[in-house]
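This briefing covers a single protein chain, taken topic by topic. Please keep the sequence and the 3D view open while reading.

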Amino acid sequence: QVQLVESGGGLVQAGGSLRLSCAASGRTFSSYAMGWFRQAPGKEREFVAQISRDGGITDYADSVKGRFTISRDNAKNTVYLQMNSLKPEDTAVYYCAAPGALGRTYDYWGQGTQVTVSS
């Protein structure tokens with residue numbers, strides 16, 4: 001079992017920045033990859049970014065490449081999402097996620113944190 005708690009969301013003007021955090025507990029944090037997803041009103045949840053167990057490999061959705069950075073601190077059991085140059089279309093509830101024991105799908109989710117970008 002993995003428990004995830006996000007924080008850091010809020011209201012920001014277009015062009016601004018926010019940093020989201022996700023604190024994990026349960027399994028050994030350094031043993032699994034982590035991901036960020038988001039869901040805008042009326043839309044399906046979509047992938048944003050993911051990071052490997054040791055942080056050496058990252059992957060991003062095309063819509064956020066060059067603006068968002070995912071990182072992790074295994075000593076603090078925390079994954080971060082630094083979001084720069086925010087756009088109104090980035091408005092969504094952001095979720096962090098962890099894979100199940102087999103590592104094939106994201107099975108554990110946080111409660112989400114709201115990010116609102118005003119134009």
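In this predicted model, M83 touches G16, S17, L18, L20, R67, F68, Y94 and V115, leaving out residues up to four places away in sequence. M83 is also one of the residues with the most contacts inside the largest nonpolar core.

**Nonpolar core**
- The largest nonpolar core is made up of 31 residues.
- Besides M83, the residues with the most contacts inside this core are L4, M34, W36, L81 and Y94.
- Two or more core residues come from each of β3, β4 (34-39), β5 (46-51), β7 (68-73), β8 (78-83), β9 and β11 (113-118).

**Disulfide**
- One disulfide is found when the whole structure is searched.
- The partners are C22 and C96, with 2.0 Å between their sulfur atoms.
- The bond ties together distant parts of the chain, since C22 lies in strand β3 (residues 18-25) and C96 in strand β9 (residues 92-99), 74 residues apart.
- A disulfide is a covalent bond between the sulfur atoms of two cysteines.
- The torsion about the S-S bond of C22 and C96 is about 55°, and the disulfide is therefore right-handed.
- Are the two cysteines buried or exposed? C22 has 0% relative accessibility and so counts as buried; C96 is buried as well, because its relative accessible area is 0%.

**Chain as a whole**
- The protein chain has zero helices and eleven strands, so its pattern along the sequence reads β-β-β-β-β-β-β-β-β-β-β.
- A compact globule of 119 residues would have a radius of gyration near 14 Å, and the 13 Å of the protein chain agrees with that.
- The C-alpha trace spans about 40 × 25 × 25 Å along its principal axes.
- Of the 119 residues, 44% count as buried.
- Taking contacts between residues at least 6 apart in sequence, 53% join residues at least 24 apart.
- The accessible surface of the protein chain is about 6200 Å², and 47% of this belongs to carbon and sulfur atoms.

**Q114**
- Q114 sits in strand β11.
- Beyond its neighbours within four places in sequence, Q114 is in contact with G9, G10, T91, A92 and V93.
- One of these residues, A92, has its backbone oxygen 3.4 Å from the side chain of Q114.
- The side chains of Q114 and T116 are joined by a polar contact of 3.3 Å.
- From Q114 to R27 the separation is 87 residues in sequence and 26 Å in space, C-alpha to C-alpha.

**S52**
- Which loop holds S52? S52 is placed in the loop between β5 and β6 (58-60).
- S52 has a relative accessible area of 17%; this is under the 20% limit, so S52 is buried.
- Apart from neighbours within four places in sequence, S52 is in contact with A33, I57 and R72.

Definitions and conventions
Residues are numbered from 1 along each chain as its sequence is written. This is a predicted model: local features need pLDDT of at least 70, side-chain atom pairs count only at pLDDT 80 or more; totals for chains, interfaces and linings use all residues. Side-chain values use heavy atoms; hydrogens and water are left out. A disulfide is a pair of cysteine sulfur atoms within 2.5 Å. Helices (H or I, at least four residues) and strands (E, at least two) are DSSP runs, numbered from the N terminus. Buried means under 20% relative accessible area, exposed over 50%, partly exposed in between (1.4 Å probe, protein chains only). A nonpolar core is a set of buried Ala, Val, Leu, Ile, Met, Phe, Trp, Tyr and Cys residues joined through side-chain atoms within 4.5 Å. Contact means heavy atoms within 4.5 Å. The radius of gyration is taken over C-alpha atoms; the globule rule is 2.2 Å times the number of residues to the power 0.38. Accessible areas come from the Shrake-Rupley method with a 1.4 Å probe; for residues, only the protein chains shown count as cover. A polar contact is a pair of N or O atoms within 3.5 Å; within protein, one must be able to donate a hydrogen and the other to accept it, and residues adjacent in sequence count only if both atoms are side-chain atoms.
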